[in-house]
Amino acid sequence: MKKKTIILPLLVFLVGISVLMGTVYSVRENQQKQSRSAAELNAMTYAERMKTEVMGGIGITDTLEQILISEDGKFEKFQQIAGNLMSDSIQSIQLAPDGVVTDIYPEKGNETGKIDLLNDKNRGEIARYARDH
């Protein structure tokens, strides 16, 4: 009789622990799936946002190119035009004929940015690559 009173609660305890472990495992797997799904959605959202910002920057570059073409390489109102083209994703707009930065918007705080990009020790390699490709 003593063995039955010990074995039955022990079996109930072991079955309960097994069910609890199975439930915990199932909940954990479900949470991991949800986390992966949320991460994928975030990655797609950020990738789309980055793509939009890059395309906006390309649009600004194309606009400036067309202005230069239409004005035979002259840029009389750079500060005004660049100010109108600025967006949240762009820190500055620079005009660099032959690799030498001649105009920067915003000008205030960027005065030291008027450099020869192609021969600069920090930016020269990537500037030459951009020019060539």
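1. Helices here are DSSP runs of H or I with at least four residues, strands are E runs of at least two, and both are numbered from the N terminus. With that in hand, Ile17 sits in helix α1, residues 2–70.

2. A quick word on provenance: this is a predicted model, where local features need pLDDT of at least 70, side-chain atom pairs count only at pLDDT 80 or more, and totals for chains, interfaces and linings use all residues. Numbering starts from 1 along each chain as its sequence is written, and side-chain values use heavy atoms, with hydrogens and water left out.

3. The chain has three helices and two strands, in the order α-α-β-β-α from the N terminus. Its radius of gyration (over C-alpha atoms) is 31 Å, well over the 14 Å of the globule rule (2.2 Å times the number of residues to the power 0.38) for 133 residues, so the chain is more spread out than a compact globule. The C-alpha trace spans about 105 × 30 × 30 Å along its principal axes.

4. On burial, 13% of the 133 residues count as buried, meaning under 20% relative accessible area with a 1.4 Å probe and protein chains only; exposed is over 50%, and partly exposed lies in between. Ile17, at 33%, is partly exposed.

5. Have a look at the nonpolar surface patch: Leu10, Phe13, Leu14, Ile17, Leu20, Met21 and Val24 together have about 690 Å² of accessible area (Shrake-Rupley, 1.4 Å probe, only the protein chains shown as cover for residues). Patch members have over 30% relative accessible area and no salt bridge, and nonpolar side chains (Val, Leu, Ile, Met, Phe, Trp, Tyr) are joined within 5 Å, like charges within 9 Å. A salt bridge puts a side-chain nitrogen of Lys or Arg within 4 Å of a carboxyl oxygen of Asp or Glu.
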